[in-house]
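Me: Could you take a close look at one part of this model for me and then connect that part to the rest? I'd like a walk-through that I can follow with the structure open beside me.

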Amino acid sequence: MNKTLTLTISQKDGTLCLKFLGEITVYTLSKNQETIDKIDRSKLNRVEIDLSDVTFIDTAAGIFLLGVRKHFEALVSQTQLVCTNDEILRTLALVEKKQEPSKEHKERFAKNIVERFGKFIYKHYVAFLSFISFLGELFSASMRYFRSAKNIRYKEIMFEIYESGIKALGIIALTSFLIGVVVAYQSAYQLKIYGANIFIVDMLGLSILRELAPMMTAIVIAGRSGSAFTAQIGAMKITEELDAMRTMGFDPYMFLVLPRIIALMIAMPILIFVADIAGILGGMLIAHIDLKITVELFLERFSDVIAVKHFYIGVLKGPFFAFLIASIAIYRGLMVKNDTQSIGFNTTKSVVEAIFAVIVCDALFSIAFTNLGI
Amino acid sequence: MMSTAIEVKNLKTQFGSKIIHQSLNLTINTGEIYGLLGPSGCGKTTLLREMVMLEKYHSGNINILGYDLNNIGSEDAQKLRREWGVLFQAGALFSSLTLRENIALPLVEYTDLSPKMIEEIVRFKINLVGLKHGDANLYPAQISGGMKKKAALARALAMDPKLLFLDEPTSGLDPISARDFDALILELRSLLGLTIVMVSHDLQSIYDTLDRVAIIDHKKIAYEGTLDNIKSVESKFIKTFFGKYNE
Ligand SMILES: Nc1ncnc2c1ncn2[C@@H]1O[C@H](COP(=O)(O)OP(=O)(O)OP(=O)(O)O)[C@@H](O)[C@H]1O
Ligand SMILES: [Mg+2]
């Protein structure tokens, strides 16, 4: 006998007999439903649901059977459920007692484009406000923080400088070195055409010191430390560690937020300095190999044409970028709700928003410096 | 003479449009062990969180040790926070610190005790709550749920607070530890004159330790008082919860 066949249908004189066999469980329901859906319902006046050969039903089957009965009750005048097995009847009774009729739940979609746009704008407006309120709280916390040197948590700051600064030196030097190589290689080709080989020094010096090194550092740090900050603080929120700190009178802003921001603001200029060196080294290597510019010549030209202000401008961007990355990351961490999903969501957001903010900030710097004639 | 440690007046709490408490009143006397009971989801944890200034309430008044939480300044709030210890439902130990560091943290931050003295205090607290010294160097992730509870209690007791808030302290403890815990609570109260507010579902612990209880049901206090005449109250929760318990 076919094991999956648990339903036979016979129809005569307008009487439909649904005869179920064996065990009806959650696994066989959809097959049964299919069979029932195919029944011709046009000439029915009586329906009999026969469970006398059924040995077992589970609660899902109970819900299903009651549903079938209800369905036919609405169609025909007479429906009958034949069953003698006490256990099955008890299961059916339990289901009937505890089942809550599922309401036709019509999710109202905001179809109107104006409504959707309005909701979208409002959501972002509220998010923006809450970030502003975070900045306000940050400001008032830092006022308290710097009121006395005793408050400053040197140990945490040192730890964070080590974690997000010193440990990132390698990857930042490597990235920047490769960027130097790539930029030099691409421009070497163009410069050779015009025989303007020596200008590679001007190009590299300006672009790396002013723009590329700070930017690369910021992007690596946003991915590395930004995501770490968000995940750490988010996890602490879920485990109620932040609440525990608050009840003990340890302000999370003093203990977690400010040390991280300060540490990153200190570490970033140092990292940019290292990125400068590595980037120029990369460029120098290609200039030597591809354009036959010796190291001495490169350095001589470098000190002739690249004013030191370009270096300062690049390094000066560091604390600003660091502040943006750290504050966005921590804000995102504090936004984590009480579920694990939102850690992932906020970490992603944190990195994307931090990189975006850094690029916007860099553009503003460019405009400002150009107008100032620096 | 009995003085009042905590007074809640006309409290209303609301999450979105869902009202959790509505004109809720209760009074907790100094030196008593006070229980907050009620069915799951009735807002016991929420009330506790409002008392320790983690959650804002909608309207009404909470007065703790003479401080009015509606208009408490940040300095006073800081002072108040050192007067209490809080045990969270899930422990909430600092996961980056070992148990020893967890317990020592408030001492390190708030006192200028020598490291040796702090170590002595920590060892004493670890002993007091029934943990082993070998466990003190483990991180919270390396210990069991019951041990977390004990360690969290030790941390809550670190500063010898006047006021102790406990959220389901005996849930997740084995029966022996749970009874030890009850004994410890009673002892602390009689030795240090602690005022203890606790949420509990553990009937044994409720009968053994609590002086007075408040039963929250349908957003209000259904009953406040001693356990002796609790069965006379008309409440479905009280009937089913206390009904079967016959001493
Ligand atoms: N942040 C929140 N947002 C929305 N609703 C909340 C929030 N926190 C709690 N609630 C709701 O408040 C009600 C009370 O929750 P609470 O945690 O205080 O219950 P409880 O009495 O401690 O229950 P239990 O005995 O199960 O611990 C619940 O219905 C819960 O859904
Ligand atoms: Mg609770």
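Reply: Happy to. Let's start with T170(B), which counts as buried because its relative accessibility is 6%, under the 20% cut-off for that class. Please keep in mind that this is a predicted model.

Where is this residue placed? T170(B) lies in the loop of chain B that runs between β7 (163-167) and α6 (175-192). Once its neighbours within four places in sequence are set aside, T170(B) is in contact with A178(B), F181(B), D182(B), S200(B), D202(B) and S205(B).

D160(B) sits in the loop between α5 (145-157) and β7, and its relative accessible area of 48% makes it partly exposed. The second case is S23(B), another residue other than glycine, with a positive phi near 35 degrees. S23(B) belongs to strand β2, residues 18-29 of chain B, and is partly exposed, with a relative accessible area of 29%.

Next come the charged pairs of chain B. In helix α4 (residues 115-128), E119(B) and R123(B) are 4 residues apart, so about one helical turn separates them. Their side chains form a salt bridge, with 3.6 Å from N to O. Both ends are partly exposed: E119(B) has a relative accessible area of 26%, and R123(B) has a relative accessibility of 38%.

R49(B) takes us towards the other chain. This arginine is buried, with a relative accessible area of 17%. Within chain B, R49(B) meets E55(B) in a salt bridge of 3.0 Å, N to O, and E55(B) counts as partly exposed at 23% relative accessibility. Which residue of chain A does R49(B) pair with? That partner is E240(A), whose side chain meets that of R49(B) in a salt bridge of 3.7 Å, N to O. These pairs are part of a network of salt bridges that links E240(A), D243(A), R246(A), R49(B) and E55(B).

Now for the interface as a whole. The count of salt bridges between chain B and chain A is 3, and 8 residue pairs are found in polar contact across the interface. On the side of chain B that touches chain A, α2 (74-81), β6 (84-87) and α3 (99-110) each supply at least two residues. The most comes from α3(B), which gives 4 residues. Sorted by class, this side of chain B has 12 nonpolar, 2 polar and 5 charged residues.

How many residues take part on each side? Chain B has 19 residues in contact with 14 residues of chain A. The size of an interface is often given as the accessible area lost when the parts come together. Here the buried area is about 1400 Å², and carbon and sulfur atoms give 58% of it.

Let's finish by stepping across to chain A, which has 12 helices and 4 strands. Its radius of gyration is 35 Å, well over the 21 Å that the globule rule gives for 374 residues, so chain A is more spread out than a compact globule. Taken along the principal axes, the box filled by its C-alpha atoms is roughly 105 × 60 × 45 Å. Of the 374 residues in this chain, 43% count as buried. Among the contacts in chain A with a separation of 6 or more, 82% are between residues 24 or more positions apart.

Chain A has a charged pair to look at too. R153(A) forms a salt bridge with E156(A), and the closest N and O atoms are 3.2 Å apart. Over all chains, a search of the whole structure finds 31 salt bridges.

Terms used:
Residues are numbered from 1 along each chain as its sequence is written. Chains are lettered from A and ligands numbered from 1 in the order in which they are written. This is a predicted model: local features need pLDDT of at least 70, side-chain atom pairs count only at pLDDT 80 or more; totals for chains, interfaces and linings use all residues. Side-chain values use heavy atoms; hydrogens and water are left out. Contact means heavy atoms within 4.5 Å. Buried area is the accessible area (1.4 Å probe) that two parts lose on being put together, summed over both. A salt bridge is a side-chain nitrogen of Lys or Arg within 4 Å of a carboxyl oxygen of Asp or Glu. A polar contact is a pair of N or O atoms within 3.5 Å; within protein, one must be able to donate a hydrogen and the other to accept it, and residues adjacent in sequence count only if both atoms are side-chain atoms. Ala, Val, Leu, Ile, Met, Phe, Trp, Tyr, Cys and Pro count as nonpolar, Asp, Glu, Lys and Arg as charged, and the others, Gly among them, as polar. Buried means under 20% relative accessible area, exposed over 50%, partly exposed in between (1.4 Å probe, protein chains only). The radius of gyration is taken over C-alpha atoms; the globule rule is 2.2 Å times the number of residues to the power 0.38.
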